[in-house]
Amino acid sequence: MTVSTQRGGGGGVVERGGGAGGGGLADVVELILDKGLVIDVFVRVSLVGIEILTIDARVVVASVDTFLRFAEATNRADLYSKGAKPKDLGELAQSITEGGAKGKTSGALDAAVDKFGELLSSRREDREEAPRRRPRPRERDE
Amino acid sequence: MSDMVSETQTEQPVEGEEELVTPVYVYGLVRVGTQIPDDLPGLGPSGRVSVIEHGDIAAIVSDIPLDRPLGTRNDLLAHEAVVDTVAANEAVVPMRFPAVTAEEAVVEELLAPNEEHFLAVLDDLEGRVQYTLKGRYVEDAVLGEVLQRNTEIRALQDKISELPEDASYYDRVRLGELVVKVLEQQREEDGAQILDRLEPFAVSVVANEPGQPEDVVNAAFLVQRDRLREFDDAVENLGQDLDGRIRLRLLGPLAPYDFVPPE
């Protein structure tokens, strides 16, 4: 929950988070499954008869779905420039960043969620409707 | 998508041979004497974390659940919380998840044979802590730029707008592909600028590959603890300069995941 002590976590334009349980699952997965010390002695877990879920945190590469998503976003962006009245700019930027951040979660975690199976079943529902459009900004993570 | 949840249920240990093995979870390594808060949330049934020491090196460990497979969301978060809490104040070498071994092996196979090496790694990390910076384009802002500069994309867009949705499928895929390509070129430049601005405030930088097309940067910075303020200010200033176009997220303090030597 350590948010930057220097700023008390507020006020700036940079979003703060992570560190000691403060990050989202996607950030955590990226760190602790991909990085950190690996020693031979841990590889032989079978020795102690422990069952471990293999979690695959591969970064998802651009796919047709990604392209369609960007095509859709681009067409939407053009509407704005042709004078459709945009929402209040601040609000707009915010909703987009949120959408963006959650989008990332969905992409990077697709594979992982698969692997987590029912252990993370609550995260599954939005995954099923994810492929075409941007995931809705809410109800992800945390 | 081959390696699915492989429930690596291992064969039962041979009768009478390995029944006495007690499994432990290892979170990370520290110097003996490092402050380990009492209330760290272990992932085992006891909920507690302790240390096993050998010479000058210690492993942060806990029990593990035996009635279910390891690897739930809470297991991952516990691992991270333990190492990052310690890392907030002191040097720690984080393990990669999942690090399980037999209790006796912690000293015999982990600490004793590698003591010198681990101490050297900890020396390098002394007084330093990791921050990870992620930057992402503000989508509409940057798509506007892309459209303005690229006539091919605009032409394709016009064509699509005149076709019924079914008929424009391939053009839409092509349009998205072009946009993604432009974004990926664009981030080379933007990402490099971001790193240039922050590099002077870090001891070391690791630039990871951004995951999604709209991600600009994903970099780990090893920062001297006594320069955290400067680093933080630099990130904030940069965030202000980029505001409206690139949104920055700063994660930390973190254990130095990106600065653990390989092997």
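**View 1. Strands 7 and 8 of chain B pair in the antiparallel sense.** Five bridges join strand 7 to strand 8 (residues 215–224) in this predicted model. Two strands count as paired if DSSP finds at least two bridges between them. Strands are DSSP runs (E, at least two residues), and helices are runs of H or I with at least four residues, numbered from the N terminus. Which residue is the bridge partner of B:V206? The partner is B:A220, in strand 8 of chain B. Strands of a sheet pair through backbone hydrogen bonds, either parallel or antiparallel.

**View 2. Chain B holds six helices and nine strands.** Of its 263 residues, 44% are buried. Buried means that 20 or more other C-beta atoms, placed from the backbone, lie within 10 Å of the residue's own. The C-alpha atoms of chain B fill a box of roughly 75 × 50 × 30 Å, taken along the principal axes.

**Notes on the views.** Residues are numbered from 1 along each chain as its sequence is written, while chains are lettered from A and ligands numbered from 1 in the order in which they are written. The model is predicted: local features need pLDDT of at least 70, side-chain atom pairs count only at pLDDT 80 or more, and totals for chains, interfaces and linings use all residues.

Conventions. Buried ≥ 20, exposed ≤ 12 C-beta atoms within 10 Å, placed from the backbone.
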